[in-house]
Amino acid sequence: MSVVVYVESQNGIIKKAGLEVASYGRAIANAIQTNLVAVTFNVNDASMLNNHGVDKVCNINTTGDTFFNVDRYSASLAAVIENETATLVVVSATANGRYLGPILAAAIKAAYVSNVVALPSAYDPVTVKRSCFTNKAFNACVSNQSKTVISLSSNAFGLKEYTSEAEYTEAEYLNSNSTLKVTATDSISDKVTIADADIVVSGGRGLKGPENWHLIEDLASVLGAATACSKPVSDMGWRPHSEHVGQTGKPVASNLYIAIGVSGAIQHLAGINSSKVKVVINNDPEAPFFKAADYGIVGDAFEVVPKLIEKLKAIKQ
Ligand SMILES: Cc1cc2nc3c(=O)[nH]c(=O)nc-3n(C[C@H](O)[C@H](O)[C@H](O)COP(=O)(O)OP(=O)(O)OC[C@H]3O[C@@H](n4cnc5c(N)ncnc54)[C@H](O)[C@@H]3O)c2cc1C
């Protein structure tokens, strides 16, 4: 019996979310004293998984199928899970992970627990803490199935170092009777995505117009951050919809979220609540964001942000 984690990659390179599920899987494997098996797709060099305690890497080559195919990924993973007699499976809460998790759980007749934010507090039955109501509350979820698929919230566990020497194997990319096939994908930008970013710099209507977005971009560039915005900003076409965060936009679970000229409406906060440290820059001391933030600067963004960029550049040099 092993713990199986689905380690996500992009262009053959393991994503941070993949390393996080490996770290989390290792901690579970330690707790129940078993092996950790990582399943990767199209990864040639998985050696970095040795730093996260993986005992076995099972790589699947999807030759001829360039894009993520949820049914074939699920069928191939299910076969590995059966082979390894795994009862605990972990996927990350990325876009693909959220798509795959429930389908995989149905395929292997497992319970599916989403938004998990901590290690299981018990293993018989599996009991895990999950966040709900857009991170406003938590509940302890008890699995009533013999198998459980856990979807781990981004940045909830973090990357942990465990040294191991993984055995490398290959598994078959199985067919499925899927009626859906992705034939092309288009990348909106080659910048760090909101989902993968450790730091997100976000702008709101307080920036007055798209011509001022260099402030957000320059700050993001010096911090190596992704850029985001509030809903009205994307509705007005100042920024692309892919940057809209909040209840009706993308969720953000970064380590640092900097909101500039964003009021902190409940619908905006709903999407960024699970970010670890929240910083707000706003010229209105009564702006609701100050109540939700860890740090706040009351000031004009057009004065504060250039100074911040200057200081950060000086520190970097
Ligand atoms: C069903 C529904 C779903 C929604 N979903 C979302 C969502 O997913 N995401 C989202 O963001 N919103 C969402 N909204 C909209 C939300 O209610 C707010 O209207 C929106 O978040 C406000 O955007 P904002 O903070 O950019 O603008 P504003 O509310 O106009 O706030 C601008 C802020 O900038 C500050 N400011 C002005 N000038 C400066 C300056 N020079 N320097 C510093 N600060 C300055 C102001 O003090 C103010 O606090 C939703 C609304 C509804 C009804």
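Colleague: Why is Asn155 called buried?

Modeller: Buried means under 20% relative accessible area, exposed over 50%, and partly exposed in between, with a 1.4 Å probe and protein chains only. Asn155 has 8% relative accessibility, so Asn155 counts as buried. This is a predicted model: local features need pLDDT of at least 70, side-chain atom pairs count only at pLDDT 80 or more, and totals for chains, interfaces and linings use all residues. Residues are numbered from 1 along each chain as its sequence is written, and side-chain values use heavy atoms, with hydrogens and water left out.

Colleague: Where does Asn155 lie, and what does Asn155 touch?

Modeller: Asn155 sits in the loop between E11 and strand E12 (167-171). Helices (H or I, at least four residues) and strands (E, at least two) are DSSP runs, numbered from the N terminus. Contact means heavy atoms within 4.5 Å. Not counting residues up to four places away in sequence, Asn155 touches Lys16, Glu20, Ala197, Asp198, Ala253, Ser254, Asn255 and Lys276. Asn155 is not a glycine, yet has a positive phi of about 65 degrees.

Colleague: What makes the pair Asn155 and Lys16 a polar contact?

Modeller: A polar contact is a pair of N or O atoms within 3.5 Å; within protein, one must be able to donate a hydrogen and the other to accept it, and residues adjacent in sequence count only if both atoms are side-chain atoms. The side chains of Asn155 and Lys16 are joined at 2.8 Å. The side chains of Glu243 and Arg239 also make a polar contact, at 2.9 Å.

Colleague: Is Glu243 buried or exposed?

Modeller: Buried, because Glu243 has 8% relative accessibility. Glu243 is in the loop between helix H5 (231-235) and strand E15 (256-260). Glu243 touches Ile194, Thr227, Ala228 and Cys229, not counting residues up to four places away in sequence.

Colleague: Why is Thr85 called partly exposed?

Modeller: Thr85 has 47% relative accessibility, so Thr85 counts as partly exposed. Thr85 is in the loop between H2 and E6. Phi of Thr85 is positive, near 45 degrees, in a residue other than glycine.

Colleague: How do you know that the length of H3 agrees with its residue count?

Modeller: The expected span of a helix is 1.5 Å times one less than its number of residues. Helix H3 (residues 95-107) has 13 residues and should span 18 Å; its end C-alpha atoms are 19 Å apart, so the two agree.

Colleague: Where does H3 bend?

Modeller: The bend at a residue is the angle between axes fitted to the seven residues ending there and the seven starting there. For H3 that angle is about 25 degrees at Gly101, and a proline, Pro102, follows within four residues.

Colleague: Which residues of H3 are buried, and what covers them?

Modeller: Gly97, Leu100, Gly101, Leu104 and Ala105 are buried. An α-helix has 3.6 residues a turn, so residues three or four places apart point the same way. The cover includes strand E1 (2-6), helix H2 (70-83), strand E6 (88-92), strand E7 (111-116) and strand E11 (148-152).

Colleague: What makes H1 a mostly covered helix?

Modeller: In H1, 13 of its 16 residues are buried. Its span also agrees, because 16 residues should span 22 Å and the end C-alpha atoms are 23 Å apart.

Colleague: What is the largest nonpolar core?

Modeller: A nonpolar core is a set of buried Ala, Val, Leu, Ile, Met, Phe, Trp, Tyr and Cys residues joined through side-chain atoms within 4.5 Å. The largest one has 28 residues; Tyr24, Leu49, Val54, Val90 and Ile150 have the most contacts inside it. The elements that give two or more residues to this core include E1, helix H1 (16-31) and strand E4 (35-41). H1 gives the largest share of this core, 7 residues. Apart from this core lies another, of 24 residues, among them Val39, Tyr73, Ala78 and Ile108.

Colleague: Which residues come nearest to the ligand?

Modeller: Near means that one heavy atom of the residue lies within 4 Å. Of the 26 residues around the ligand, Arg205, Ser230, Thr248, Ser263 and Gln267 come nearest. A polar side-chain atom of His268 lies 2.8 Å from an oxygen atom of the ligand. An N or O atom in the side chain of Lys208 is 2.9 Å from a ligand nitrogen atom. For Gln247, a polar backbone atom is 3.0 Å from an oxygen atom of the ligand.
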